[in-house]
Structure formats: C-alpha cells, structure tokens
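Subject: Handover of a structure

Dear colleague,

Please find the structure below.

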Amino acid sequence: MKKEYVKPYIKKQTAGVMNKFGVTYNKGHREEIEGVPVAQITDKFGSPVFVLSEKIIRERYRTIYSYFSSKYPKAKMSWSYKTNYLDAVCSVLHQEGETAEVVSDFEYQKARRLGVPGNKIIYNGPYKPLESIVTALKEGAMVNLDNFDEIIKAEEAAKSLGKKFPVGIRVTMDTGVYPQWSRFGFVIENGNAFNAVKRIQHSDYLRLEGIHCHIGTFMLEPNAYKEAVKKVVQLMRKIEKEFEISVSYLDFGGGFPSRNKLKGTYLPPEVSVQPVENFIDAVADTLMEELEPKEYPEVYLETGRAIVDEAGWLITTVDAVKRLPDGTKSYIIDAGVNLLYTSAWYNYHVEIDREIRGAYENSIIYGPLCMNIDVVVESAFLPPLPKGTRLILSPMGAYNMTQWMQFIRYRPAVAMIMTDRSVEQIRRPETLQDIVGPESVPAKLKKFNFKE
Ligand SMILES: Cc1ncc(COP(=O)(O)O)c(C=O)c1O
C-alpha cells in the first residue's frame with residue numbers, strides 16, 4: 001500500500017530541556033497496574049476506564065491513621081465523601097473504621113443508604129437545607145455550623161425536635177498561607193468565632209460540642225497546620241473558661257497533598273510535596289505541646305486526596321495523531337476534561353502501555369470533546385505513539401470521579417483491583433438512558449417540521 005504523504009517540517013531538538021510547563025518527567029512505560037495487565041482491564045471494561053486499587057487505598061489510610069494515632073491518643077478519621085464518593089471506595093474506608101464526612105444533603109443520604117449510621121457522620125458545608133439539619137440532628141450526626149444564619153436554622157431544627165442538641169462550629173483563620181481560605185466558617189481573629197459560641201450557648205436548643213476547620217486543599221506547608229492547631233486550641237481554652245464547658249472534639253479537616261504534579265511547579269512531586277508524616281507531625285506535635293493530658297479532646301482528620309489520589313489511574317487510548325500548524329505533535333485520546341476536572345490543576349504522569357522506539361518530543365494530548373478547552377496534558381514528552389496506544393494517566397483517585405460532568409460523552413466504567421488481584425466493576429459505563437431519564441418533552445414540542 002502506498003504511504004500517505006506527510007508534509008516535511010523542521011523542528012528544534014528539545015530533548016531533556018525544560019519548557020514553560022516545567023520538567024517533563026513522564027518517561028517510561030507500564031504494562032500492568034497492581035499486577036493486572038492493562039490490556040486485560042480494557043478488554044473487560046473498554047476504554048477509557050478509571051481504575052482504583054483497594055490495596056493502595058487501605059495502605060494509604062493505614063499509614064496515615066497508624067502514624068496519627070501513634071502520636072495522639074484520641075485520633076479519629078472521617079472519610080471526605082466529596083473526594084471520592086463511589087460506594088465501593090467509601091465501603092473500603094468504612095471497613096477500615098473511618099466515619100463519613102459529608103458536605104451536602106445528597107452526600108448525607110448517600111452515606112446513610114450505604115449503611116453508615118447518623119452518629120457516624122460529620123455534616124459540614126456552607127449550605128445545609130433545614131430538613132437535612134433536622135434529619136442530621138435527629139440521627140445523631142455531628143453538625144458543624146458555618147455562619148450565623150445557619151445557627152438560627154439549626155436552632156429552628158432543634159426546636160422542631162423539642163430538645164437541645166450538641167453542635168460544632170467551623171472556624172477560619174490566618175495560617176500564613178495565602179490566599180487564605182476565608183470563605184467558610186467564623187473568623188477566629190476578629191472575635192466572630194467566639195461570638196458564634198456565645199450565641200449558641202445562649203440558645204435553649206443548642207450547645208457547643210466541637211470546633212472544626214479546613215484550612216485549604218493541597219497544602220504544601222505543614223507549618224500552616226501548626227498555626228491552625230495553636231489558634232483553635234487557644235479558642236477552645238477561651239470558650240471553656242468563659243462558658244464553663246468542655247469541648248469534646250476538634251477537627252482539622254483535610255488538605256494534605258498527594259503526589260500529583262501541580263501546574264507551575266518545576267520539580268516533580270517526589271521533591272516538591274513533603275511526606276504526609278510531616279503534616280501529621282505538625283498537627284499531633286502541636287496538640288501535644290499545647291494541651292494538658294486531662295483535656296485531650298477527640299481530634300479528627302478528614303484527609304481526602306492524600307489517601308485516594310495515588311490509588312487511581314485512567315487508562316485511555318490514542319484515537320488519532322496529528323501535527324499542529326507549528327509542528328507540535330498532538331494526540332487525540334478518548335477521555336477529555338469532562339472526566340478530568342483536575343486537569344485544570346495538574347500535569348498528570350503519563351505512561352504508555354508498551355515500549356516505543358523513536359525520538360521523544362513534547363506533545364500535546366487533547367480529549368475527544370469538540371471544545372478548544374479540551375486539553376488533557378499540555379506538554380508530555382513522548383515517543384511517536386501509534387493510534388491505539390493506551391496511555392495510563394495518574395494519579396487519578398481524588399476529585400475526578402465526583403467532579404466529572406455529563407457533557408458530550410458518557411462517563412466510562414470504573415474498575416477496582418481488589419487485594420486478591422481480581423478486578424471488579426464498581427461503576428458501569430453510562431448509557432443514553434442515564435442521561436435522558438430525567439428529561440421530558442412538552443406535548444406541543446413533539447412534532448418536528450424539517451424543511452425539504
Ligand atoms: C470540610 C472538608 N473536609 C475535608 C476535605 C478533604 O480535603 P482534601 O481532599 O484536600 O484532603 C475537604 C475538601 O475540600 C473539605 O472541604
């Protein structure tokens with residue numbers, strides 16, 4: 001067969017040189033994930049397919065919990081549903097002993113449906129419908145209030161149930177990391193948080209039980225947690241003295257980073273992201289410094305991405321290869337930003353499913369959406385990939401399988417590699433029915449009038 005004519009071009013050799021996106025580090029190939037051949041996974045579930053590892057989720061959780069509990073006697077962990085609320089993922093973590101941390105009535109219902117009792121749920125978030133607060137209080141959930149209007153709402157909820165309920169408050173503070181996450185909770189420094197407690201303690205239907213904060217996500221600076229612990233403990237002391245109560249829990253939220261490569265960082269995550277133990281040290285050591293043994297409250301962490309991100313991959317397939325007008329090599333793959341919300345923040349690690357010879361060059365990886373914004377990887381250093389090559393993108397476990405959207409293409413299957421290396425489908429691929437199910441067409445719109 002005659003070969004297709006390809007216009008010649010001249011390209012500067014840039015092998016090994018940094019470009020404006022930083023050092024490209026995705027050299028290498030991988031034929032299996034956790035001992036299961038990539039081809040076996042795509043044969044069974046198609047492409048694209050998200051893959052999660054039960055073993056890594058458990059290992060990451062155990063590493064974090066055992067280190068935290070070895071340093072602080074009343075260490076607790078609650079699974080941040082929004083990070084990944086697939087039932088199977090939550091079930092693994094509930095089996096490990098984590099309670100559920102939810103931020104909406106939908107997540108609350110999802111946890112309850114899965115079998116989590118109300119008193120094993122922490123209910124956070126800036127918007128909680130009244131009926132959901134009624135249910136949460138009735139079922140014994142730990143409800144952390146975000147603002148004064150919500151205190152009034154919780155009071156109304158408690159009043160409708162005819163008794164006094166314990167609640168927590170969410171607080172925010174300057175931890176030395178900017179921009180500060182100031183949107184959520186009551187400000188400590190200007191006295192707002194203290195006033196919120198005053199308001200709660202004067203209520204016939206509420207009493208303060210705990211203090212919660214979440215200082216940000218993908219935090220790179222452990223010292224921020226030291227500051228948070230110091231300020232929250234100071235607030236706790238002031239409250240306990242003023243109102244003669246004992247605060248029974250403190251909650252320092254999530255925010256520990258995963259080994260993902262943030263855009264704009266030049267060094268690989270192995271260098272730029274500190275180990276999770278340094279963050280736990282910051283929390284636990286500061287607690288031990290600040291507290292007396294008789295006053296140790298229960299202390300929660302709601303670590304999300306640091307547990308699940310590195311337990312996830314996306315297998316996707318090259319569907320077409322072309323060159324842009326400036327000569328840049330580009331690939332079109334079968335997974336786009338509709339599935340990969342986090343592509344806005346990260347330069348994913350890209351591996352290919354086979355060894356390919358040829359000159360490496362910086363390439364751009366586009367998704368399948370007919371949208372200019374559908375760029376999955378802006379710059380990957382890759383050998384010439386033939387159509388049909390599978391790419392394995394990682395880490396993928398955090399926030400993609402919750403923030404993905406129903407846009408242009410169906411959401412694919414999610415598979416879990418179990419600890420015994422069997423592979424289970426934990427979410428089937430979507431079908432047209434999943435999308436049109438909630439829709440309806442008014443009768444007068446049912447007849448079409450196409451022109452000849
Ligand atoms: C209240 C709360 N807790 C926990 C988390 C989990 O955070 P991460 O995944 O960064 O650990 C979040 C996420 O933003 C959150 O808002």
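Residues are numbered from 1 along each chain as its sequence is written. This is a predicted model, in which local features need pLDDT of at least 70 and side-chain atom pairs count only at pLDDT 80 or more, while totals for chains, interfaces and linings use all residues.

Domains

The protein chain is assigned domain 1 (32-51 + 310-429) and domain 2 (54-307); such bounds come from an automatic or database domain assignment. Taken over C-alpha atoms, the centres of domain 1 and domain 2 are 33 Å apart. Domain 1 gives 19 residues to the contact and domain 2 gives 19 residues, where two residues are in contact if their C-beta atoms, placed from the backbone, lie within 7 Å.

On the side of domain 1 that touches domain 2, at least two residues each come from helix H12 (400-403), strand E19 (413-417) and strand E20 (423-427). Helices (H or I, at least four residues) and strands (E, at least two) are DSSP runs, numbered from the N terminus. E19 supplies the largest share of this side of domain 1, three residues. By type, the residues on the side of domain 1 that touches domain 2 are 12 nonpolar, four polar and three charged. Here Ala, Val, Leu, Ile, Met, Phe, Trp, Tyr, Cys and Pro count as nonpolar, Asp, Glu, Lys and Arg as charged, and the others, Gly among them, as polar.

Two helices

Helix H7 (residues 192-201) and helix H8 (residues 223-243) have axes that come within 11 Å and cross at roughly 35 degrees. Axes are lines fitted to C-alpha atoms, for helices over the stretch in contact, and angles run from 0 to 180 degrees between N-to-C directions. The crossing of H7 and H8 is right-handed; a crossing is right-handed if the near helix is turned clockwise from the far one by less than a right angle, and left-handed if anticlockwise. H7 brings Ala193, Phe194, Val197 and Gln201 to the contact, and H8 brings Leu235, Lys238, Ile239 and Phe243. Six of the residues in the contact of H7 with H8 are nonpolar, one is polar and one is charged.

H8 also holds two residues that may be compared. Asparagine 223 is found in helix H8 and is partly exposed because it has 15 C-beta neighbours inside 10 Å. A residue is buried if 20 or more other C-beta atoms lie within 10 Å of its own, exposed if 12 or fewer, and partly exposed in between, with C-beta atoms placed from the backbone. Leaving aside neighbours within four places in sequence, asparagine 223 is in contact with Gly176 and Ala282. Lysine 241 is likewise found in helix H8; with 9 other C-beta atoms within 10 Å, lysine 241 is exposed. Lysine 241 and glycine 255 are 14 residues apart along the chain, and their C-alpha atoms are separated by 30 Å.

The ligand

There are 17 residues around the ligand, and Ser80, Thr217, Gly254, Glu302 and Gly304 come nearest. A residue is near a molecule or strand if its C-beta atom, placed from the backbone, lies within 6 Å of it. The shell around the ligand consists of three nonpolar, 10 polar and four charged residues.

Backbone features

Most residues other than glycine have a negative phi, and most peptide bonds are trans. The following residues may be read with that in mind.

The peptide bond from serine 47 to proline 48 is cis, with omega near 0 degrees. Proline 48 sits in the loop between helix H1 (38-45) and strand E3 (49-53). The bond from tyrosine 178 to proline 179 is cis, with omega near -5 degrees, and proline 179 is in the loop between strand E8 (165-172) and strand E9 (186-187).

Tyrosine 399 is not a glycine, yet has a positive phi of about 70 degrees. Tyrosine 399 lies in the loop between strand E18 (390-394) and H12, and is buried because 22 other C-beta atoms lie within 10 Å. Arginine 421, also a residue other than glycine, has a positive phi near 75 degrees. Arginine 421 is placed in the loop between E19 and E20 and counts as exposed, with 11 C-beta neighbours inside 10 Å.

Yours sincerely
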